[in-house]
Amino acid sequence: MSKELAGLMGALNAAHDPVDKGRLMDEIEAIIMTDPEGSRATVLAYEGDEGLRLRALGEVGDPADFDLIAEALADPALRETALEALAGQPDAGGVDALARSYLDDPAPAVRSRAAGLVAFHGRPGAVEALLPSPRTRSRMCV
């Protein structure tokens, strides 16, 4: 099954049609659900697109990958995908803390992903964290 997963990841990396990408990701997710441990090894060994590797690690959802995914947040090009991958991690408190630290990111897509994680986990203070700050509110009124 690891060869099939690696092949699907390569095909997804090369795909351009959104329909093909969705179908391939569905197939990848099905394999990961069937064999998470074997899939994790294949995903970790994948040497193609790093964003795709992070996304697949998010599907695996192994707590051992939390730090690896968190490290990817340092790269602005991978930040949105890393936040997406964190959604599959079982450490809600750790995910929430990281997500909150990106609520003021300069990239709107990153802020949106971070806000989605904070809202999803609903940890204490989530509503307050998602409300615009006085500084943000003053910019919104301009």
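Q: At what angle do helix α4 (residues 50-60) and α6 pack?
A: This is a predicted model, in which local features need pLDDT of at least 70 and side-chain atom pairs count only at pLDDT 80 or more, while totals for chains, interfaces and linings use all residues. Residues are numbered from 1 along each chain as its sequence is written, and side-chain values use heavy atoms, with hydrogens and water left out. The axes of α4 and α6 (lines fitted to C-alpha atoms, for helices over the stretch in contact, with angles from 0 to 180 degrees between N-to-C directions) lie 7 Å apart. The two helices are therefore roughly parallel to each other (angles under 35 degrees, whereas over 145 is roughly antiparallel, 65 to 115 roughly perpendicular and the rest oblique), the angle being about 15°.

Q: Which residues of α6 make the contact with α4?
A: The crossing of α4 and α6 is left-handed (the near helix is turned anticlockwise from the far one by less than a right angle). On the α4 side, the contact (heavy atoms within 4.5 Å) is made by Gly-51, Leu-54, Arg-55 and Gly-58. Their partners on α6 are Thr-81, Ala-82, Glu-84 and Ala-85.

Q: How are α1 and α2 oriented, roughly parallel or roughly antiparallel?
A: Helix α1 (residues 2-14) and helix α2 (residues 18-34) have their axes 9 Å apart. Their packing angle is about 155°, which means that α1 and α2 are roughly antiparallel.

Q: How many residues of the contact of α1 with α2 are charged?
A: From α1 the contact draws on Glu-4, Leu-5, Leu-8, Met-9, Ala-11 and Leu-12, and from α2 on Lys-21, Leu-24, Met-25, Glu-27, Ile-28 and Ile-31. By class (Asp, Glu, Lys and Arg count as charged, Ala, Val, Leu, Ile, Met, Phe, Trp, Tyr, Cys and Pro as nonpolar, and the others, Gly among them, as polar), nine of these residues are nonpolar and none is polar. The charged residues number three.

Q: What is the relative accessibility of Gln-89?
A: Gln-89 sits in the loop between α6 (79-86) and α7 (92-100). Beyond its neighbours within four places in sequence, Gln-89 is in contact with Gly-61, Asp-62, Pro-63, Asp-65, Phe-66, Ile-69 and Val-95. Gln-89 counts as buried (under 20% relative accessible area, with exposed over 50% and partly exposed in between, using a 1.4 Å probe and protein chains only), its relative accessibility being 4%.

Q: What percentage of the residues in the chain is buried?
A: The chain holds 10 helices and zero strands. Of its 142 residues, the buried share is 35%.

Technical notes: Helices (H or I, at least four residues) and strands (E, at least two) are DSSP runs, numbered from the N terminus.
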